[in-house]
Amino acid sequence: MPMTGAGTLLEAALTRENLQAAWKRVKANKGAAGVDGLDIEQTRRLLQTTWLQIRQELLSGKYRPQPVRRVTIPKPDGSQRELGIPTVRDRLIQQALLQVLQPLIDPTFSDHSHGFRPGRRAHDAVKAARAYVQSGKRVVVDVDLAKFFDRVNHDILMERLGRRIADTAVLRLIRAYLDAGIMDGGVKVKRDRGTPQGGPLSPLLANVLLDEVDKALEARGDSFARYADDCNVYVSSTKAGERVMGWLRKLYGRLKLQINEAKSAVSSALGRKFLGYELWMAKAGEVKCAVAQEALGDFKRRMRQLTGRSNGRSMAQTVQGLTPYLLGWKGYFALAQTPKVWRVLDEWLRHRLRALQLKQWRRGTTMYRELLALGATPRVARQVAANSRRWWRNSAKALNTAVTISWFDRLGLPRLS
């Protein structure tokens, strides 16, 4: 049943209090300018003189969003992820809409859905997966949707959204956002499908569409966890998994979505990547979490990027630049139950930073002087200085007695273990 009458939701979204809260969120999220080239501060100044007119256009149904600016960012596998960046003004309006729609719509979603929802996060999906496998469901139906955000059918999405809300003004405005198109190389491209990632409303709209599949799985009593367009269903046999996969192809097909066959599979749940994690079986039969090998590779690639040896920064500046990523990575993978892996990563990173420090000192005479200042013995200082050009091989063993773990601690380098 639709949840409200025409007009009331849009009016609630445009109240002063709601708009102020939306602006704080947009400002906190920062983000790039849209097709109008205006950043957050420039938009704030412009809205001081134009907002009353924009508000009237919104209420009368005459407002037309600007196209989103197309940008691509590289993914770890070498492919590109497409983002659509709305103008700051449109991000504000979308955020204001989200703040009134989410409290109404989110409670109707499946409890098995964990992505882009208040009070839920990826850890919840991983914990659910671990519990299913621990219960004996050792086969996973791992479904990855091909270019999901680019293939959302506007008509189907709006029909599903219309089942949940009856505010015609809000529905009309959301349709205008879907139809706004995308600006690519100065040319506006119209689209009849897709809700590009980058706008505040896109995650909620994605959940509206995918909730239909969630509810169908619930009705069958299946054990599953979904995070955005990643859905894992846990079953007791490969044969059962193949049946579920075939059924899911039909369900997604009705929504005009396509399963990425190259990334989807029916396989053992142990060792299969899900949200950067993989599950493994401990000796006592307990199912535990680990960082997936692909995620470990991504970590090392990112560390190499952030510790480029010709970046002209001091070691203290390098550590300062590493810290946000390290803390975020450690927090995301806090469920991992593999302390040895954390220790190995710590040792690898310190080894890399010691090599970087030698590179910065450059000359053997400088190395000798700096190592003595750090408390190294003359023998160790001479040994390291004598091999001044062998950065990597020279940055372990003897050097560790001077460039110690405590030295990195004093610089503020977070430990993973």
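A charge sits over a ring if NZ of Lys or CZ of Arg is within 6 Å of the ring centre and within 35 degrees of the ring normal. With that in hand, look at Arg302: its charged end sits over the ring of Tyr325, 6.0 Å from the ring's centre. The structure you are viewing is a predicted model, in which local features need pLDDT of at least 70, side-chain atom pairs count only at pLDDT 80 or more, and totals for chains, interfaces and linings use all residues. Residues are numbered from 1 along each chain as its sequence is written, and side-chain values use heavy atoms, with hydrogens and water left out.

**Confidence**

- The predictor's confidence in each residue is called pLDDT and runs from 0 to 100; its mean over the chain is 90, and 94% of the residues reach 70 or more.
- Confidence is highest in helix α5 (residues 122-134), at a mean of 98, and lowest in strand β5 (residues 187-189), at 73.
- A word of care: where pLDDT is low, the predicted coordinates should not be read in detail.

**The whole chain**

- You can count 16 helices and 10 strands in the chain; helices (H or I, at least four residues) and strands (E, at least two) are DSSP runs, numbered from the N terminus.
- The C-alpha trace spans about 80 × 60 × 35 Å along its principal axes.
- Of the 417 residues, 49% count as buried, where buried means under 20% relative accessible area, exposed means over 50%, and partly exposed is in between (1.4 Å probe, protein chains only).
- The accessible surface comes to about 20500 Å², and 51% of this belongs to carbon and sulfur atoms; such areas come from the Shrake-Rupley method with a 1.4 Å probe, and for residues only the protein chains shown count as cover.
- Contact means heavy atoms within 4.5 Å, and among contacts with a separation of 6 or more, 73% are between residues 24 or more positions apart.

**Aromatic rings**

- The whole structure holds 11 aromatic pairs; rings of Phe, Tyr and Trp (its six-membered ring) pair if their centres lie within 6.5 Å, and planes under 30 degrees apart count as stacked, over 60 as edge-to-face and the rest as tilted.
- One of them is the tilted pair of Tyr132 and Tyr234, with 5.7 Å from centre to centre and 35° between the planes.
- This pair links distant parts of the chain, as Tyr132 is in helix α5 and Tyr234 in strand β7 (residues 230-235), 102 residues apart.
- Tyr132 counts as buried because its relative accessibility is 16%, and Tyr234 is buried too, at 4%.
- Phe148 and Phe149 make an edge-to-face pair, 5.0 Å centre to centre and 75° between the planes.
- Phe148 is buried at 2% relative accessible area, and Phe149 at 9%.
- Ring pairs also join Tyr277, Phe299, Tyr325, Trp329, Tyr332, Phe333 and Trp342 into a cluster.
- Elsewhere, Arg220 lies over the face of Trp247, 4.2 Å from the ring centre.

- Asn153 lies in the loop between α6 (148-151) and α7 (154-162), and it is buried at 15% relative accessible area.
- The side chain of Asn153 reaches the backbone nitrogen of Ile156 at 2.9 Å.
- Not counting residues up to four places away in sequence, Asn153 touches Arg193, Leu255 and Lys256.
- Lys256 is found in the loop between α10 (238-254) and β8 (265-268), and it counts as exposed at 56% relative accessibility.
- Most residues other than glycine have a negative phi. Lys256, although not a glycine, has a positive phi of about 60°.

**The loop between β6 and β7**

- Ala228 lies in this loop, and its phi is near 55°, a positive value in a residue other than glycine.
- Ala228 is buried, with a relative accessible area of 10%.
- Asp229 lies in the loop between β6 (223-227) and β7, and is buried at 18%.
- Leaving aside neighbours within four places in sequence, Asp229 is in contact with Val143, Asp144, Leu145, Phe148 and Leu210.

**Asp211**

- Asp211 has its place in helix α9 (residues 202-220) and counts as buried at 2% relative accessibility.
- Asp211 and Thr108 are 103 residues apart in sequence and 8.9 Å apart in space, C-alpha to C-alpha.
- Not counting residues up to four places away in sequence, Asp211 touches Thr108, Phe109, Ser110, Arg164 and Arg226.

Definitions and conventions
Polar contact = N/O pair within 3.5 Å; in protein donor to acceptor, adjacent residues only side chain to side chain.
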